[in-house]
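Reader: I am new to protein models and would like to learn how to read one feature at a time. Could you take me through this one slowly?

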Amino acid sequence: MEYSDEMTFAEYFKAQEAMYRGLITFAVVMEWLASHDFAEMTDKEARLLDIEVSKRMCEAWGEIFILSLLEWRDGQ
């Protein structure tokens, strides 16, 4: 197999998914901090935030997939 500088779609999507997870995590944490006057969160609250991030990722997964596919295809 010949070496290629081009990313496969799977590699590109994995990177995009990680980026969106980071953005969603940031948004969820900032929402929580703002609503709790920047108090320190407990372990239970951190686990609940992780669940919220996973929920939002599930809700956005289809859009992330389609956007990634279109961007990857345009770069080919």
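Reader: With which residue does Glu-52 form a salt bridge, and how far apart are the closest N and O atoms?

Author: Side chains of opposite charge can pair when their charged atoms come close. A salt bridge here is a side-chain nitrogen of Lys or Arg within 4 Å of a carboxyl oxygen of Asp or Glu. In this structure Glu-52 forms a salt bridge with Arg-56, and the closest N and O atoms are 2.8 Å apart. Before we go on, please note that this is a predicted model, in which local features need pLDDT of at least 70 and side-chain atom pairs count only at pLDDT 80 or more, while totals for chains, interfaces and linings use all residues. Residues are numbered from 1 along each chain as its sequence is written, and side-chain values use heavy atoms, with hydrogens and water left out.

Reader: Where do Glu-52 and Arg-56 lie, and how many residues apart are they?

Author: An α-helix has 3.6 residues a turn, so residues three or four places apart point the same way. Glu-52 and Arg-56 both lie in helix 2, four residues apart, which is about one turn of the helix. Helices are DSSP runs of H or I with at least four residues, numbered from the N terminus. Lys-55 and Glu-52 also both lie in helix 2, three residues apart, and their side chains meet in a salt bridge with an N to O distance of 3.9 Å.

Reader: How many salt bridges does a search of the whole structure find?

Author: The search finds three salt bridges. Besides those already described, Glu-31 forms a salt bridge with Arg-56, the closest N and O atoms being 2.8 Å apart. This pair links distant parts of the chain, since Glu-31 is in helix 1 and Arg-56 is in helix 2, 25 residues apart. Going back to Glu-52 and its bridge with Arg-56, salt bridges that share partners join Glu-31, Glu-52, Lys-55 and Arg-56 into one network.

Reader: Is Arg-56 buried, partly exposed or exposed?

Author: Buried means under 20% relative accessible area, exposed means over 50%, and partly exposed lies in between, with a 1.4 Å probe and protein chains only. Arg-56 counts as partly exposed because its relative accessible area is 24%. Glu-31 is partly exposed as well, with a relative accessible area of 43%, and Glu-52 is partly exposed at 23%.

Reader: Which residues does Arg-56 touch, not counting residues up to four places away in sequence?

Author: Contact means heavy atoms within 4.5 Å. With those sequence neighbours left out, Arg-56 touches Ile-24, Val-28 and Glu-31. The C-alpha atoms of Arg-56 and Ile-24 are separated by 7.4 Å, although the two residues are 32 residues apart along the chain.

Reader: Which residues make up the largest nonpolar core?

Author: In soluble globular proteins, nonpolar side chains tend to be buried together. A nonpolar core is a set of buried Ala, Val, Leu, Ile, Met, Phe, Trp, Tyr and Cys residues joined through side-chain atoms within 4.5 Å. The largest one has ten residues, namely Phe-9, Phe-13, Ile-24, Val-28, Trp-32, Leu-33, Leu-49, Val-53, Met-57 and Ile-64. Helix 1 and helix 2 each supply at least two residues of this core, and helix 1 gives the most to this core, with six residues.

Reader: Which helix is included in what covers the buried residues of helix 1?

Author: The cover includes helix 2, and the buried residues in helix 1 include Tyr-12 and Gln-16. Ser-68 lies in helix 2 and counts as buried because its relative accessibility is 0%. Leaving out residues up to four places away in sequence, Ser-68 touches Phe-9, Tyr-12, Phe-13 and Gln-16.

Reader: Why does Cys-58 count as exposed?

Author: Cys-58 is exposed because its relative accessible area is 63%, and this residue is found in helix 2.

Reader: Where does Phe-38 lie?

Author: Phe-38 lies in the loop between helix 1 (9-35) and helix 2 (43-75), and Phe-38 is exposed, with a relative accessible area of 57%. Just after helix 1, Asp-37 takes a positive phi of about 50 degrees.
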